[in-house]
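I've got one structure to walk you through, so let me put it up on the screen.

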Amino acid sequence: MANKDHQTGSARKDWNLRAREDFRHAIMSTVKGEKGEEEFRRTGVEDANTIASFFKGRNMSDWRVLEYGCGVGRLMEALSRRFGKIHGIDISDEMVKLGRQRLQGSQFSFHVLENGDLPFPDGCFDLVYSMHVFQHMPKSSFRSIMPEIARVLKPDGLFLFHIMHPYTLRRKLQALFGVDQLSFRHLISVISKREQNKLETYRRRYYTHGQIEQILGYNGLRLINRVRLGPKRRYLWNLAEHA
Ligand SMILES: C[S@@+](CC[C@H](N)C(=O)[O-])C[C@H]1O[C@@H](n2cnc3c(N)ncnc32)[C@H](O)[C@@H]1O
């Protein structure tokens, strides 16, 4: 039986809390509150352009697309001019509720991830994309959702996802040794069993290139493109297809 721990633990609670506090800031840490709406949308357009740039020259207008970890639909809105129907799924029902309020129209469909299974038939999406999601979840959660993502992709479907590049030595070591955190403060809190003040989902997880390829390969996918973009080239974009 697949390990579906991404559905458990504090993930939904954390993200629901953030959605209620300030969803814009939870999604884009550079933006705050209602005043940040314009900037929030601008980042959506910018990131949507990045996503679309991976498919230059292709006719995407009839693609069936899924965003994994869609939040309130920041990217779905900006991508809707390019793709046909966009589905978005998220672990947070609060994010999904806000998304449904923000984006109305038959081209959008929001879903709450209920039990770790994607509520779609096999081989139904031309593209699954994900941004600012996998770095926030335990590595075991990323591994456990991957068979589902591979399952819902069409035989010639594509999977595009972003994670943070391990851009410092400490982060490289974190990735290499598979630990979620590597800091003196963390060590102290583990030894003293002290509560850490950070929510579980604030921590960033890092992966080596080899680990990403291994996870993809294990799910019958292979990497076809990898690019570092974004602020200080810290965003590692990976494009994969069925092997
Ligand atoms: C930083 S936000 C990014 C939202 C959206 N991708 C964007 O770029 O605008 C991360 C989103 O991932 C969702 N999320 C976190 N863990 C998840 C999981 N295990 N499965 C599905 N969604 C998850 C959160 O609820 C949140 O809406």
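This is a predicted model: local features need pLDDT of at least 70, side-chain atom pairs count only at pLDDT 80 or more; totals for chains, interfaces and linings use all residues.

The protein chain has eight helices and seven strands. Of its 243 residues, 35% are buried. If you take the contacts between residues at least 6 apart in sequence, 66% of them join residues at least 24 apart.

Now the ligand. There are 20 residues around it, and the ones that come nearest are Trp15, Gly69, Gly71, Arg74 and Ser92. By type, that shell splits into eleven nonpolar, seven polar and two charged residues. Which helix gives the most to the shell? That's α1, with three residues. Helices α1, residues 11-27, and α3, residues 74-79, each put in at least two.

On to the core. The largest nonpolar core has 54 residues, and Leu79, Val128, Ile149 and Phe159 are the ones touching the most other members. As a general point, nonpolar side chains in soluble globular proteins tend to be buried together. Let me zoom in on Val128. Leaving out anything up to four places away in sequence, Val128 touches Leu66, Tyr68, Ile149, Val152, Leu153 and Phe159.

Two of those partners, Ile149 and Val152, are also on the list of buried residues in α5, along with Ser141, Phe142, Ile145, Glu148 and Ala150. So what covers the buried residues of α5? The cover includes strands β1 (65-68), β4 (125-130), β5 (153-164) and β6 (221-229). The helix itself runs over residues 139-152, and its 14 residues reach 21 Å from first C-alpha to last, close to the 20 Å expected. There's a kink in α5, though: about 30° at Met146, shortly before Pro147.

Last stop, His111, which sits in strand β3, residues 108-112. Buried, exposed or partly exposed: which is His111? It's partly exposed, because it has 16 other C-beta atoms within 10 Å, and being buried would take 20 or more. Setting aside neighbours within four places in sequence, His111 is in contact with His87, Ile89 and Pro119.

Note on methods:
Residues are numbered from 1 along each chain as its sequence is written. Helices (H or I, at least four residues) and strands (E, at least two) are DSSP runs, numbered from the N terminus. A residue is buried if 20 or more other C-beta atoms lie within 10 Å of its own, exposed if 12 or fewer, and partly exposed in between; C-beta atoms are placed from the backbone. Two residues are in contact if their C-beta atoms, placed from the backbone, lie within 7 Å. A residue is near a molecule or strand if its C-beta atom, placed from the backbone, lies within 6 Å of it. Ala, Val, Leu, Ile, Met, Phe, Trp, Tyr, Cys and Pro count as nonpolar, Asp, Glu, Lys and Arg as charged, and the others, Gly among them, as polar. A nonpolar core is a set of buried Ala, Val, Leu, Ile, Met, Phe, Trp, Tyr and Cys residues joined through C-beta atoms within 7 Å. The expected span of a helix is 1.5 Å times one less than its number of residues. The bend at a residue is the angle between axes fitted to the seven residues ending there and the seven starting there.
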